[in-house]
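Visitor: Please take me through this chain one question at a time. I would like the cut-offs stated along with the values.

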Amino acid sequence: MAGLLPRFLFVFGFLLYVSTVQANVWTVDCTVLTTQRMDPIVFPNIEPAGHVHAIVGGSKFDESAQYDDLQQSQCTTCNVAKDLSNYWVPQLYIKKKSDGKFHFVDMDFHVYYKLLNDKGQTGFHNNPLQPGEILPFPTGFQVLAGSPSQTEEDFNINHQCMGPGTFTHDFPPNPEDCWSVRAEITFPSCWDGVSDGTQGDHSYHMSYPIGGDWRAGPCPDSHPKRLPTLFYEAIYQTGDIFEAGDELFYSFNDRTGYGFHGDFLMGWDDGEIQSMIDYCIANEDGAARQCGIEKAGPYQCPWEGWVDGEQYKGVLDQLPDWE
């Protein structure tokens, strides 16, 4: 199964691309940079803190990273050199029935930047995007979507059992049928126009459109500005590990999956997102060329940090500490 996984991912990605060629969307594909109990958004300047995350992106990530730090990254584990952002999600483990231990699960990561307005998905001919309708993320922007304390289903969070293709808000009921488990979260796109997310709960500065559906709808008066809609896709490679009777766990002792969440620490080069938005406004091939994004890689990029992430990998007697 492991040898077939890259082929499956390629076919899946290609089919997804074909299905969205008329949509103003760009994607960034990443490998894991490091696995750590760090969260510079929720627990800045503290290590270890929170629970174990799988982190991708700019190599300068650490417990105190901010925009200016990320801009000093030597490289990124994503396939867009001008994106030095960090993206992170909870680490997944499998508790094996056979030995009662927790087995680390590898992950591939993809983020979609969708240009959605009040009417929904924009495109050059269908629902054309207007200048100023969607703004770039401001310098220093950060946001958290979802919550590890969530205990019931959330419309914005899904898990797909890859293979059968079934969707559930919680973990798939029969993970042994999945060649991987794909966790998904869509971020809110309406911004208050003021806060960069460094204060409060790191999510109050953002809102979903009126009605709570990320796919379309006007922004509320409290959050009148619209930013690109972020969509995270974390593909956990469970296929070679999970057997009937085993159990999935997120790193904060979540055996339901409802607590899946994502963090975004913006690190794009200044002006780059505005340039891509402008490309999709002005060019008929904007959808086919993903708003003119320049891709290469994915890069082989060593983390510039100092904490050994291997302590959170392999086969563990218990989950690492969590808060």
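**Strands and sheet**

Visitor: Over how many bridges do β1 and β7 pair?

Guide: β1 and strand β7 (residues 107–114) run antiparallel; strands (E, at least two residues) and helices (H or I, at least four) are DSSP runs, numbered from the N terminus. Two strands pair if DSSP finds at least two bridges between them. In this pair, threonine 27 stands opposite tyrosine 112 in β7. The count of bridges joining β1 and β7 is six.

Visitor: What pLDDT do local features need in this predicted model?

Guide: Residues are numbered from 1 along each chain as its sequence is written, and side-chain values use heavy atoms, with hydrogens and water left out. The model is predicted: totals for chains, interfaces and linings use all residues, side-chain atom pairs count only at pLDDT 80 or more, and local features need pLDDT of at least 70.

Visitor: Which strands stand at the edges of the open sheet?

Guide: The sheet has six strands in the order β1-β7-β17-β13-β11-β12, with antiparallel pairing. Two of the strands have a single partner strand each, so one side of each lacks a neighbour in the sheet. These edge strands are β1 and β12 (166–168).

Visitor: By how much does the sheet twist on average from one strand to the next?

Guide: Axes are lines fitted to C-alpha atoms, for helices over the stretch in contact, and angles run from 0 to 180 degrees between N-to-C directions. From each strand to the next, the average twist is 20°.

Visitor: Which residue of β17 is the bridge partner of glutamate 184?

Guide: Strand β17 (residues 229–236) pairs with β13 in the antiparallel sense over six bridges. β17 is also joined antiparallel to β7, by eight bridges, and there aspartate 108 stands opposite isoleucine 235. For glutamate 184, the bridge partner in β17 is glutamate 233.

Visitor: How many residues of β13 are buried?

Guide: Buried means under 20% relative accessible area, exposed over 50%, and partly exposed in between (1.4 Å probe, protein chains only). Ser180, Arg182, Glu184 and Thr186 point one way from β13, while Val181, Ala183 and Ile185 point the other way, and all are buried. Strand β13 (residues 180–186) is therefore largely enclosed by the rest of the structure, its buried residues numbering seven of the seven.

**Salt bridges and cores**

Visitor: How many residues apart in sequence are glutamate 323 and arginine 37?

Guide: Glutamate 323 and arginine 37 form a salt bridge with their closest N and O atoms 3.4 Å apart, the rule being a side-chain nitrogen of Lys or Arg within 4 Å of a carboxyl oxygen of Asp or Glu. Glutamate 323 is exposed at 55% relative accessible area, whereas arginine 37 is buried at 7%. Glutamate 323 lies in the segment after β20 (315–316) and arginine 37 in the loop between β2 (32–36) and β3 (53–57), so the pair ties together parts of the chain whose separation in residues is 286.

Visitor: Which residue forms a salt bridge with aspartate 317?

Guide: Aspartate 317 is exposed, at 59% relative accessibility. The closest N and O atoms are 3.5 Å apart, and the partner is lysine 101.

Visitor: What is the total count of salt bridges?

Guide: One of them joins glutamate 304 to lysine 60 at 3.5 Å, N to O. Lys82, Glu272 and Glu294 are linked in a network. The total is 14.

Visitor: Which residues touch the most other members of the largest nonpolar core?

Guide: A nonpolar core is a set of buried Ala, Val, Leu, Ile, Met, Phe, Trp, Tyr and Cys residues joined through side-chain atoms within 4.5 Å. The largest one has 53 residues, and the members that touch the most others are Trp26, Phe264 and Trp268.

**Confidence**

Visitor: What is the mean pLDDT of the chain?

Guide: pLDDT is the predictor's confidence in each residue, from 0 to 100. Of the residues in the chain, 93% reach 70 or more, and the mean is 93.

Visitor: How many contacts beyond near neighbours in sequence does the stretch of residues 1–15 have?

Guide: The pLDDT over residues 1–15 is below 50. Contact means heavy atoms within 4.5 Å. Beyond near neighbours in sequence, the number of contacts for this stretch in the model is 13.
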